[in-house]
Amino acid sequence: MIDLRSDTVTKPSGEMLEAMMTAEVGDDVFGEDPTVMILENKIAKYFGKEAALFCPSGTMTNQIAVRINTQPQDELLCDRTSHIYNYEGGGAAYNSMVSIKLMHGDLGRFTANDVLENINPDDIHYARTSMVSIENTVNKGGGSVFPLDTIKEIAKVAVDNKLKMHLDGARVFNALVKSGENPLHHGKCFHTMSVCFSKGLGAPVGSALLGSKEAIARARRVRKVFGGGMRQAGYLAAACIYALENNVARLKDDHRRANQLANMFEDKMYVENIVSAGTNIVIVSITKDKSVKQLLEEWKKKGLLAVPFGPNDIRLVTHLNFTDDMLQKTTEILA
Ligand SMILES: *Cc1c(COP(=O)(O)O)cnc(C)c1O
């Protein structure tokens, strides 16, 4: 089966498993797991942040960020395509009692001016705008990359207006490989950053929240109350260290294959539109006369899996278990 439902379906390689099995571990809730500490230091340094916190999921790192960057009754700004808004079960309201104001960016990428226009006035009728969240790459934007210059402009507006800047960087490594930008330049723009090892980097579990020492100390308390304190988590952290050291540069192969995949749809009668921004995601819009469900079932019978992504859309995601042979086979399945 060729599984392009998500870049989370990958399985650890033998070498990654070896790294996990030989990891030195301790009780991380007591702050005694050396491998977790190595990962946290390594990933913080990677983006030039003071500290990091290892968490079980990107939803948790985002939700902790919302909690520590806001007060109840505040409002956070993000794009209407955002994972934080669409796919975290209404967590901002549930966990942090904040409302969300949505911006309408270009494939998820809004501008500094959009942010400026959406900051509420200092007036008791309005929620206090206190946080802005950027997703990079944008999942619902077909893996679109948020340009660093735009991020810098938004960061300036955020500082001027006392907003906390958060990155949902579930696929930030895809963005960095695509743009060739320096992760340290990104790190400077954000108060908090969420990064995932379980997406393109191929670790079985794991995300990290990055920020100042003070922010991460508060995040550690929130992680505990969210039930995210893990014990011998070094086994998982070892996989993430391996992923960070070995699986970043190779993302360019995923990008090439996604590009080739997108091209395969160009001459198909049932395709109305293709959104693929040069990283590892392809979103195909299907003409009204064809059903997404039916098409996915046909593909499944032939050995190809993808996910529905809205009433007329299908999403395909390339990842490290999707090889050139599979790409060739996909051409045949789609033909
Ligand atoms: C996958 C993802 C997350 C986090 O997902 P988890 O499954 O909770 O790890 C956050 N943001 C984006 C953009 C994602 O794609």
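## Ligand contacts

A polar side-chain atom of Arg171 is placed 2.9 Å from a ligand oxygen atom, a polar contact being a pair of N or O atoms within 3.5 Å. Lys199 likewise has a polar side-chain atom 2.8 Å from an oxygen atom of the ligand. In Gly58, a polar backbone atom lies 2.8 Å from a ligand oxygen. The ligand taken alone exposes 380 Å², of which the protein buries 83% (accessible areas by the Shrake-Rupley method with a 1.4 Å probe).

## Basis of the model

The model is predicted, with local features needing pLDDT of at least 70 and side-chain atom pairs pLDDT 80 or more, whereas totals for chains, interfaces and linings use all residues. Residues are numbered from 1 along each chain as its sequence is written, and side-chain values use heavy atoms, leaving out hydrogens and water.

## The ligand shell

Around the ligand stand Ser57, Gly58, Thr59, Asn62, His83, Glu135, Asp168, Ala170, Arg171 and Lys199 (each with a heavy atom within 4 Å). Helix H3 (residues 58-69) supplies the largest share, three residues; helices are DSSP runs of H or I with at least four residues, numbered from the N terminus.

## Packing of H2 and H11

Helix H2 (residues 34-46) packs with helix H11 (residues 234-246) at an angle of about 35 degrees, their axes 8 Å apart. Axes are lines fitted to C-alpha atoms over the stretch in contact, and angles run from 0 to 180 degrees between N-to-C directions.

Residues of H2 including Val36, Ile38 and Leu39 meet residues of H11 including Ala237, Ile241 and Leu244 (contact means heavy atoms within 4.5 Å).

Definitions and conventions. Polar contact = N/O pair within 3.5 Å; in protein donor to acceptor, adjacent residues only side chain to side chain. Helix = DSSP H or I, 4+ residues; strand = E, 2+ residues; numbered from the N terminus.
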